[in-house]
Amino acid sequence: MTILGIAGGTALILTGFGIASSIKEAGNQQFQHVLRYDAVVRARQPKDLTSVQNSLKRSAATRATLPVYTAVVQVNQRQKTVRDVTLTVPKNPGQFDQFVRLRDYQSNHSIGLPTRGVVVSPKVARILHVQVGDQIKIRVPNQKTVQVRIAKVVTNYAGNVIYASPSAYQRAFGHAPNFASILVKTDHQPSARLTKRWMSDNDKILGISLMADQAEMIQKMTKQLGPIVMIFIGLSAILSFVVLYNLNNINIAERLYELSTIKVLGFYNREVTLYVARESIILAIIGILAGFGLGNLLTGYVIRQAETNNVIFPLTIKPFAYLVAVLLMVIFNLIVVYITHRKLQKIDMVAALKSND
């Protein structure tokens, strides 16, 4: 029971920290490692793309640009549907890795855009219950529905996406994509003043979307969960202490005759306390180690249930969480050992021995 109690308490504390870390890490991974561009600039018409791109290149803040075709599509398979999926086709697939890092979801290895088939985000694959090699149907507004093969499933944490090369798109839809958007990398995070300057420099820009705005939404969500996580951790700590205290009281009550006999034989109070505490320490170590594994399983289950149709969370538990869990369990054990020491000093040895006779 002591091992289960400590393992459960450790697992709950790790889960509290793990929920906050996993949500925060989803934003960090998405906007610092997966998406490497800072803004998406949309031209009013595909024919205006060259003018808009040249205008952006003249800006001192612009590092690189890449024209892309984007569309919000619907994906179907086996009577299951995923709506609001962003289809992106870069004009130059060789430069795409500078703007979007494609990593295989299973192996985490970097990959390029295939010339045949498309790559999809993990949530699309999960909802449709498909995998690499399966066929899916893509419906673009005002166009025919086409069937394409999944070439790869790539890591993506926020939003549902499909990436395709120009050749793969043309094979599927029968025509070349109309590039009307531009991915932009800048020297520093674009400000409202910079975006206004871009739009004033070229009236053919329809709109600008900043990645910083999307990243800020996830940061706000993480901050809002902060108090909830702290309450969760606090209640877990209290529960762990209560379990340890009650189990220790039961241990002393059931072994009262044994402990009284030891004291009668001449053992000092400190030696009697160590006799009991030694067992508690060994059980606590086993319980903490078991709690590490249980905490990872519980955190994985919780964040999986917390996922939405557009967001997934990577299982992330920082070393700090393990340190806090261990420290709390050690402190609770020391407090319980101290209380045990005080109780053992007050044992009525004669009464305890007579009661068993």
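In which helix does Ile-335 lie? Ile-335 belongs to helix H9, residues 319-345, where helices (H or I, at least four residues) and strands (E, at least two) are DSSP runs numbered from the N terminus. The model is predicted, so that local features need pLDDT of at least 70 and side-chain atom pairs count only at pLDDT 80 or more, while totals for chains, interfaces and linings use all residues. Residues are numbered from 1 along each chain as its sequence is written, and side-chain values use heavy atoms, with hydrogens and water left out.

**Surface patch**

- Ile-335 is partly exposed, with a relative accessible area of 36%; buried means under 20% relative accessible area, exposed over 50%, and partly exposed in between, with a 1.4 Å probe and protein chains only.
- Together with Phe-320, Leu-323, Leu-327 and Ile-331, Ile-335 makes a nonpolar surface patch of about 480 Å².
- Patches are made of residues with over 30% relative accessible area and no salt bridge, like charges being joined within 9 Å and nonpolar side chains (Val, Leu, Ile, Met, Phe, Trp, Tyr) within 5 Å; a salt bridge is a side-chain nitrogen of Lys or Arg within 4 Å of a carboxyl oxygen of Asp or Glu.
- Accessible areas come from the Shrake-Rupley method with a 1.4 Å probe, and for residues only the protein chains shown count as cover.

- Strand E8 (residues 181-186) is largely enclosed by the rest of the structure, because six of its six residues are buried.
- Both faces of E8 are covered, with Ser-181, Leu-183 and Lys-185 buried on one side and Ile-182, Val-184 and Thr-186 buried on the other.
- E8 runs antiparallel to strand E1 (residues 39-43), to which four bridges join it, and Ile-182 in E8 is the bridge partner of Val-41; two strands pair if DSSP finds at least two bridges between them.
- E8 is also joined by six bridges to strand E2 (residues 62-77), again in the antiparallel sense, and here Ser-181 is the bridge partner of Val-68.

- Strand E5 (residues 135-139) has a covered face formed by Ile-136 and Ile-138, whereas Gln-135, Lys-137 and Arg-139 form an uncovered one.
- Three bridges join E5 to E2 in an antiparallel arrangement, and Lys-137 of E5 is the bridge partner of Asn-76.
- E5 pairs with strand E6 (residues 145-153) in the antiparallel sense over five bridges, with Val-148 of E6 as the bridge partner of Ile-136.
- E5 and E6 form a hairpin with five residues between them, and Asn-142 in the turn has a positive phi of about 65°.

**Nonpolar cores**

- The largest nonpolar core has 40 residues, of which Leu-87, Val-120, Ile-136, Ile-138 and Ile-162 touch the most other members; such a core is a set of buried Ala, Val, Leu, Ile, Met, Phe, Trp, Tyr and Cys residues joined through side-chain atoms within 4.5 Å.
- Apart from that core lies another, of 28 residues, among them Leu-35, Leu-66, Val-100 and Val-161.

**Positive phi in loops**

- Most residues other than glycine have a negative phi.
- Gln-79, in the loop between E2 and strand E3 (80-90), has a positive phi near 65° and is exposed, with a relative accessible area of 86%.
- Asn-108, in the loop between E3 and strand E4 (118-120), has a positive phi of about 65° and is partly exposed, with a relative accessible area of 42%.
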